Amino acid sequence: MMATILETVLSNVSKVSNLSSAVTTEDVTMDGANDTTGYPEVSPFYVTMRRLQTVLIPLICSFGICGNVLAAGTFLSSTLRGTSCCLYLAAKTISDIGFLLSLFVVWLYRVHVPILNTHGICQMTVFLSYICGFLSVWFVVIITIENFIRISQPWRIPLFCSQRKAIMLICLLVIFTCLLYSFSLWTTGIVKDENPKCQSLKKFQNIALSMTYVDTCLTLILPTILMFFLVLAIMISALQAYKRKMRLRVLAQNGKLSASTPEGKVSRFLFAVSIIFLFLHTPSHVIRIKLVILSYFYHQAPSTHDLVFQRVFETFFYFNFSLNCLIYLLFGENFRRVFKQIFLSRCKRKNMAEVQEANNMSPLMTTGWSFTEASCIDQEAST
């Protein structure tokens, strides 16, 4: 993904550890800032942020993987999987699971569990981070496009927002992504210098650098531009619909394009997903691009403030992959209802079965206790 490549470029420019892996490639350990060669200064706040991030990553991965599994199970249930947007969201949650798995492997490297330096795991971790990051971005773009259709051109919903076309688009996008980033399987390997490292092989560095610009365009510049204009168009269309509703009381009574209708609820839900994605996803990439520009065009080392912001925004970026289930529960009424039916009702049924079993046992226990008390009374009377 774009973050992986940019981090590799940054590591080459600013002499950070050259680990080409999932999202963040700096060797951050729990016990200090021992890899800050070339930085202008080591800020205590920066070191604290790095340590805090190293503590947060396993929590983010654990929470995110569990939440995404539950979200995927909900979207793929018989109730929701017939809707195209639910299939896109299910595909996004599955790709986010893959990204978090690759991030966890990198975290193990940070805390000196170097399974990343194993041949095969190295290549698959880099490949997984590329394809999962790319798919996660473009599934949100597709969801935003579908939301634009639902709001501005509702008569086109049966044509473009069908289950069959969603499945076809998901399959084509996955195949395209795997082919596009297959280069990482043979351009990445274990380089044995002083310490073995998972990074781009020297003879393929030009290919990796070329893919830097391609990936930057595909996962940052193009999606950001598209989503910015789509979100703006959605807001304008929603405002126009509101004005029409105020002018025509009939439409208001029928509730068309209102947030209280099923279509309105879906649109509001998808809009929230798009906005939160932009908020969590964009800052990390913007700060990385700024550092690349400073390094290549102005030959300046990153300032302490830039490095601190990079760590903060990078953590926001990780939350983008782990908070899906929580976001869906907060903004998705249908998702929340189906989620409760699937998971909470099972717990309730299990608890009710345990209570019923306990109730069935209670008369026997009471009778046994009564016989015990009666025997004690008879024994005392005989004495």
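Reply: Arg288 counts as buried because its relative accessible area is 0%, and buried means under 20%, with exposed being over 50% and partly exposed in between (1.4 Å probe, protein chains only). This is a predicted model, in which local features need pLDDT of at least 70 and side-chain atom pairs count only at pLDDT 80 or more, while totals for chains, interfaces and linings use all residues. Residues are numbered from 1 along each chain as its sequence is written, and side-chain values use heavy atoms, with hydrogens and water left out.

Me: What makes the contact between Arg288 and Glu314 a salt bridge?

Reply: A salt bridge is a side-chain nitrogen of Lys or Arg within 4 Å of a carboxyl oxygen of Asp or Glu, and the N to O distance between the side chains of Arg288 and Glu314 is 2.5 Å, so the pair meets that definition.

Me: Why are Arg288, Arg311 and Glu314 said to be joined into one network?

Reply: Arg311 also forms a salt bridge with Glu314, the closest N and O atoms being 2.9 Å apart, and these two residues both lie in helix 11, 3 residues apart, about one turn of the helix. Arg311 is itself buried, at a relative accessible area of 1%. Salt bridges that share partners join Arg288, Arg311 and Glu314 into one network.

Me: How do you know whether Asp306 and Lys290 are buried or partly exposed?

Reply: Asp306 has a relative accessible area of 7% and is therefore buried, whereas Lys290, at 40%, counts as partly exposed. Their side chains meet in a salt bridge of 3.0 Å, N to O, which links Asp306 in helix 11 with Lys290 in helix 10, 16 residues apart.

Me: How many aromatic pairs does a search of the whole structure find, and why is the one between Phe75 and Tyr328 called edge-to-face?

Reply: The search finds 22 aromatic pairs. Rings of Phe, Tyr and Trp (its six-membered ring) pair if their centres lie within 6.5 Å, and planes under 30 degrees apart count as stacked, over 60 as edge-to-face and the rest as tilted. The rings of Phe75 and Tyr328 are 5.1 Å centre to centre with 75° between the planes, so the pair is edge-to-face. This pair links Phe75 in helix 2 (residues 44-75) with Tyr328 in helix 12 (residues 324-331), 253 residues apart. Phe75 is buried, with a relative accessible area of 1%, and Tyr328 is buried, with a relative accessible area of 1%.

Me: What makes the pair of Phe134 and Phe176 tilted?

Reply: Their rings lie 6.3 Å centre to centre with 50° between the planes, so the pair falls into the tilted class. Phe134 is in helix 4 (residues 121-152) and Phe176 in helix 6 (residues 163-180), 42 residues apart. At 2% relative accessibility Phe134 counts as buried, while Phe176, at 43%, counts as partly exposed.

Note on methods: Helix = DSSP H or I, 4+ residues; strand = E, 2+ residues; numbered from the N terminus.
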